[in-house]
Amino acid sequence: MTDVLAVRYVRARSLDTAPAPSSPPGPDEVELAPAYVGICGTDLHIFHGDMDTRVAAPAVIGHEMSGRIVRVGADVKNWRPGDHVTVMPLRWDGTCPACTADHRHICHHLDFIGIDSPGAMQQRWTVPASVLVRLPDTLPLDRAALVEPTAVAVHDVGRAQVRADERVVVVGGGPVGVLIALVARASGAEVRVVEPSTHRRLLAEELGLTTWDPASRDVAELVVEWTGGAGADVAFEVSGAAAGVETAVDVLAVRGRLCLVAIHPRPREVNLHRFFWRELTLVGARLYDRDDFERAVTLVADGTVPADRLISKVVPLAEASSAFDVLEAGGDVMKVLLDCTDRSEGEAA
């Protein structure tokens with residue numbers, strides 16, 4: 001057993017960065033050396049103390065990662081040390097009603113690794129071999145850390161059944177919103193991103209996306225002009241705000257689909273009369289399955305998702321607290337990564 005550096009959530013707004021024990025992988029397990037770990041909105045919720053009923057502190061968190069295999073346990077096949085991988089951080093029981101209906105990713109007793117069990121913000125991480133997803137050796141590992149949020153976007157676009165030539169409005173231009181817009185565009189849709197942040201709008205526009213500032217024009221009016229009065233075929237609510245829900249409903253065409261992506265911590269008022277009047281459909285989208293992950297790897301590797309353009313800052317693992325501070329401050333930030341590489345052993349990322 002050796003000691004490696006790990007970041008642990010201790011209590012609200014308190015992280016501890018210190019050596020933690022690392023032991024050899026058991027049967028059907030692999031030991032990983034995480035290279036980069038992305039910080040997502042869920043990690044911020046944990047940091048704020050909003051998930052203390054679920055996260056057993058002190059807890060190593062993090063689930064958006066890339067890295068390489070260091071050791072493999074007994075009975076592990078098709079994997080070897082040195083392989084570049086990411087992790088689909090889900091473990092299910094296989095027996096609940098969701099699992100038996102072939103919806104394992106929303107198992108009633110889901111173990112979301114990095115929330116319900118130890119995560120990737122450490123220099124060594126032991127996980128079941130079953131959660132590994134192979135990465136091309138040619139894909140830089142910093143970009144590969146965005147495969148997991150890209151898989152979220154792939155799943156969302158699939159749940160909304162976006163088709164070529166449909167008109168799509170994405171409400172919220174943060175990292176997931178931009179990824180949804182890119183994946184929807186790759187599906188052949190026409191896309192508009194609604195985002196109040198000037199920095200985020202400019203970045204989206206640099207990626208070839210068209211954006212709207214909700215503070216300067218009424219978004220529903222813009223959609224009327226864009227669609228000749230018909231409305232959008234699909235709207236994605238990614239803002240997590242009450243105003244975002246209202247906008248997403250208001251822009252939809254007859255029989256339009258609203259895909260709810262953001263986590264809303266409290267009930268929201270929804271214009272159900274409009275749902276009735278236009279025969280709208282509300283679709284929930286949560287997490288992903290393996291096909292979504294495999295598709296995400298392809299989209300990041302071939303540049304359809306220009307992951308490098310979404311990375312705002314890379315912070316050493318030992319300075320994880322400052323990375324959370326950067327995200328909390330907002331401003332000109334999209335994706336912040338932690339560099340988990342153990343430089344003392346000369347592990348190049």
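Predicted model: local features only at pLDDT ≥ 70, side-chain atom pairs only at ≥ 80, totals over all residues.

Student: Why are α4 and α5 called oblique to each other?

Tutor: The axes of α4 (residues 147-159) and α5 (residues 175-186) cross at roughly 55° and come within 8 Å. Angles under 35 degrees count as roughly parallel, over 145 as roughly antiparallel, 65 to 115 as roughly perpendicular, and the rest as oblique. The pair is therefore oblique. The helices themselves are DSSP runs (H or I, at least four residues), and strands are runs of E, at least two, all numbered from the N terminus. Axes are lines fitted to C-alpha atoms, for helices over the stretch in contact, with angles running from 0 to 180 degrees between N-to-C directions.

Student: Which residues of α4 and α5 meet?

Tutor: From α4 you get Pro149, Thr150, Val152, Ala153, Val154, Asp156 and Val157, and from α5 Val176, Leu179, Ile180, Val183 and Ala184. Contact here means heavy atoms within 4.5 Å. By class, that's ten nonpolar, one polar and one charged residues. Nonpolar covers Ala, Val, Leu, Ile, Met, Phe, Trp, Tyr, Cys and Pro; charged covers Asp, Glu, Lys and Arg; the others, Gly among them, are polar.

Student: How do you know that Leu310 counts as buried?

Tutor: Buried means under 20% relative accessible area, exposed over 50%, and partly exposed in between (1.4 Å probe, protein chains only). Leu310 has 2% relative accessibility, so it counts as buried. Leu310 is in helix α11, and leaving aside residues up to four places away in sequence, Leu310 touches Leu146, Val178, Leu179, Leu203, Leu207, Met334 and Lys335.

Student: What makes the buried residues of α6 line one face of the helix?

Tutor: In α6 (residues 198-206), Arg201, Leu203 and Ala204 are buried. Seen down the axis of α6, they fall within an arc of 165°, so they line one face. The arc is that of the directions from the helix axis to the C-beta atoms. Those buried residues pack against α5, β13 (210-212) and α11 (307-310). After α6 comes Gly208, with a positive phi near 90°.

Student: And which residues of α12 are buried?

Tutor: In α12 (residues 320-329), they are Ala320, Ala323, Phe324 and Leu327. Their arc down the axis of α12 is within 100°, so they too line one face of the helix. Gly330 follows α12, with a positive phi near 70°.

Student: Why is Arg13 called exposed?

Tutor: Its relative accessible area is 51%, so Arg13 is exposed. Arg13 is in the loop between β1 (2-11) and β2 (14-22), and its phi is positive, near 60°, in a residue other than glycine. Most residues other than glycine have a negative phi, and most peptide bonds are trans.

Student: Where is the cis peptide bond, with omega near 0°?

Tutor: That bond runs from Ala57 to Pro58. Pro58 is found in the loop between α1 (41-47) and β4 (59-60).

Methods. Residues numbered from 1 in each chain as written. Heavy atoms only, no water.
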